[in-house]
Amino acid sequence: MHLAILTAIVVAVFTFLIVRSLRRSKQVEPSDNRSKHEAFVNADEFDEMVLETSHKTPVMVDFYAEWCGPCRNLTPLLAKFADDYQGAFLLAKVDVDKNEQLSQRFGIRAMPTVLLFRDGKSVERFTGAKLPHSIQYILTKHGIHEPKAASSQNDAQK
């Protein structure tokens, strides 16, 4: 139990440091409805921010476009999961129009496309908007679980 608490603290601190670092370098796009576990990532920082980070905590990468209708539906859902899971994974956002080289590198042909990275490798991929239970299934399948306190609050709200 102590190990789980320590791990959660380390993940939270690490996520905070990543987001703070991105904000200081002005590479994070402003948004009032963003999760605190969400960061905008560009091609220059992708390997460090996604691949290296995924050795410590899973990283879900949302390849999106501003003009994409399904992206606008999926974005708040992914941000809610990132908040509910309290740093159990980092949500990285990649604007495909500003990062064409990343789209080519990962074979992104439709938006939204979401990749889940663990240990520097993509372990899951889906395209298009998904229902919440589908996203929860994907996270659970890869050992990413909502903290007990958050799931108890969600049960109480239902």
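View 1. M60 stands opposite L91 in β3. Keep in mind that this is a predicted model, in which local features need pLDDT of at least 70 and side-chain atom pairs count only at pLDDT 80 or more, while totals for chains, interfaces and linings use all residues. Residues are numbered from 1 along each chain as its sequence is written, and side-chain values use heavy atoms, with hydrogens and water left out. β2 and β3 pair in the parallel sense, over six bridges. Two strands count as paired if DSSP finds at least two bridges between them. Helices (H or I, at least four residues) and strands (E, at least two) are DSSP runs, numbered from the N terminus.

**View 2. The other neighbour of β3.** Which residue of β3 is the bridge partner of E38? L91 is the partner of E38. Three bridges join β1 to β3 (residues 90-95), and these two strands run parallel.

**View 3. The open sheet.** Five strands make up an open sheet, in the order β1-β3-β2-β4-β5, with mixed pairing. At the edges you'll find β1 (38-40) and β5 (121-127), each pairing on one side only. Neighbouring strands of this sheet are turned by 25° against each other on average, direction ignored. For angles like this, axes are lines fitted to C-alpha atoms, for helices over the stretch in contact, and the angles run from 0 to 180 degrees between N-to-C directions.

View 4. Across the protein, 44% of the 158 residues count as buried.

**View 5. Helix α3 on the sheet.** Helix α3 (residues 69-84) lies across β1, β2 (59-64), β3, β4 (113-118) and β5, running at about 165° to β2. Together, β2, α3 and β3 make a right-handed β-α-β unit. Right-handed here means that, with the strands pointing away from the viewer, the path from the first strand over the helix to the second runs clockwise. Among the buried residues of α3 are L74, L77, L78 and F81. What span should the 16 residues of α3 have? At 1.5 Å a residue they should span 22 Å, and the end C-alpha atoms are 24 Å apart, which agrees. The expected span is 1.5 Å times one less than the number of residues in the helix. After α3 comes Q86, whose phi is positive, near 45°.

**View 6. The one disulfide.** A disulfide is a covalent bond between the sulfur atoms of two cysteines. This structure holds one, counted when a pair of cysteine sulfur atoms lies within 2.5 Å. C68 and C71 form the link, with their sulfur atoms 2.4 Å apart. The link of C68 and C71 is right-handed, with 80° about the S-S bond. Are these two cysteines buried or exposed? C68 is buried, at a relative accessible area of 4%, and C71 counts as buried too, at 2% relative accessibility.

Terms used:
Contact = heavy atoms within 4.5 Å. Buried < 20%, exposed > 50% of the residue type's maximum accessible area, 1.4 Å probe, protein only.
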